[in-house]
Amino acid sequence: MTVSDATRLAVRGDTGRTLHALCEADRVFDDLHRHLRGGGPRPVGWAPRVHGRDRSTVWFDTLSEPLRDHDARPTPRATADAAEVAWTALDDTLRAGGLLPEPWREARRS
């Protein structure tokens with residue numbers, strides 16, 4: 001899964017496949033989190049800050065919840081859908097030049 005590939009969360013099928021997709025997305029998000037908190041460069045396609053309101057932290061938080069708690073919504077499918085929407089919105093925000101979410105910004109300052 002790439003940073004912009006939230007489509008794996010759109011997997012259709014039984015609960016087991018959906019939970020596997022959530023676990024895989026959580027693993028990728030953890031890898032990205034470690035990379036950026038460690039001072040690594042932005043992934044290709046994420047533009048430097050150019051304009052606009054800072055919505056990235058909201059999308060980061062909105063994505064973190066369903067990835068950490070697979071029972072965050074009434075069904076695994078609803079949880080995966082919420083994660084897919086948030087992942088896509090975070091990626092779109094950063095591609096448009098939004099600031100990195102606060103947890104990733106803070107690591108770069110220290």
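Colleague: Why does Thr57 count as buried?

Modeller: This is a predicted model, so what follows is computed from predicted coordinates. The relative accessibility of Thr57 is 14%, and buried means under 20%, so Thr57 counts as buried. Thr57 belongs to helix α2, which covers residues 56-68.

Colleague: Which residues is Thr57 in contact with, leaving aside its neighbours within four places in sequence?

Modeller: Pro101, Glu102 and Arg105.

Colleague: What makes Asp26 buried?

Modeller: The cut-off is again under 20%. Asp26 has a relative accessible area of 16%, and therefore is buried. Asp26 sits in helix α1. With neighbours within four places in sequence set aside, Asp26 is in contact with Leu67 and Arg68.

Colleague: Why is Ala10 called partly exposed?

Modeller: Partly exposed lies between the limit for buried, under 20%, and that for exposed, over 50%. Ala10 has a relative accessible area of 24%, so Ala10 is partly exposed. Ala10 is found in the segment before α1.

Colleague: What is Ala10 in contact with, apart from neighbours within four places in sequence?

Modeller: Ala10 is in contact with Arg77 and Glu84. As for distance, Ala10 and Ala83 are 73 residues apart in sequence, while their C-alpha atoms are 9.4 Å apart in space.

Colleague: What makes α1 roughly parallel to α3?

Modeller: The two helices pack at an angle of about 30°, and their axes are 9 Å apart. Angles under 35 degrees count as roughly parallel, so α1 is roughly parallel to α3. The crossing of these two helices is left-handed.

Colleague: Which residues make the contact between α1 and α3?

Modeller: From α1 come Thr15, Thr18, Leu19, Leu22, Ala25, Val28 and Phe29. From α3 come Pro76, Arg77, Thr79, Ala80, Ala83, Trp87 and Leu90. By class, the contact has ten nonpolar, three polar and one charged residues.

Colleague: Which residues touch the most other members of the largest nonpolar core?

Modeller: That core has 20 residues, and Phe29, Trp46, Leu63, Leu67, Trp87 and Trp104 touch the most other members. Helices α1 (15-37), α2 and α3 (76-95) each supply at least two residues of this core. In soluble globular proteins, nonpolar side chains tend to be buried together.

Definitions and conventions
Residues are numbered from 1 along each chain as its sequence is written. This is a predicted model: local features need pLDDT of at least 70, side-chain atom pairs count only at pLDDT 80 or more; totals for chains, interfaces and linings use all residues. Side-chain values use heavy atoms; hydrogens and water are left out. Helices (H or I, at least four residues) and strands (E, at least two) are DSSP runs, numbered from the N terminus. Buried means under 20% relative accessible area, exposed over 50%, partly exposed in between (1.4 Å probe, protein chains only). Contact means heavy atoms within 4.5 Å. A nonpolar core is a set of buried Ala, Val, Leu, Ile, Met, Phe, Trp, Tyr and Cys residues joined through side-chain atoms within 4.5 Å. Axes are lines fitted to C-alpha atoms, for helices over the stretch in contact, and angles run from 0 to 180 degrees between N-to-C directions. Angles under 35 degrees count as roughly parallel, over 145 as roughly antiparallel, 65 to 115 as roughly perpendicular and the rest as oblique. A crossing is left-handed if the near helix is turned anticlockwise from the far one by less than a right angle, and right-handed if clockwise. Ala, Val, Leu, Ile, Met, Phe, Trp, Tyr, Cys and Pro count as nonpolar, Asp, Glu, Lys and Arg as charged, and the others, Gly among them, as polar.
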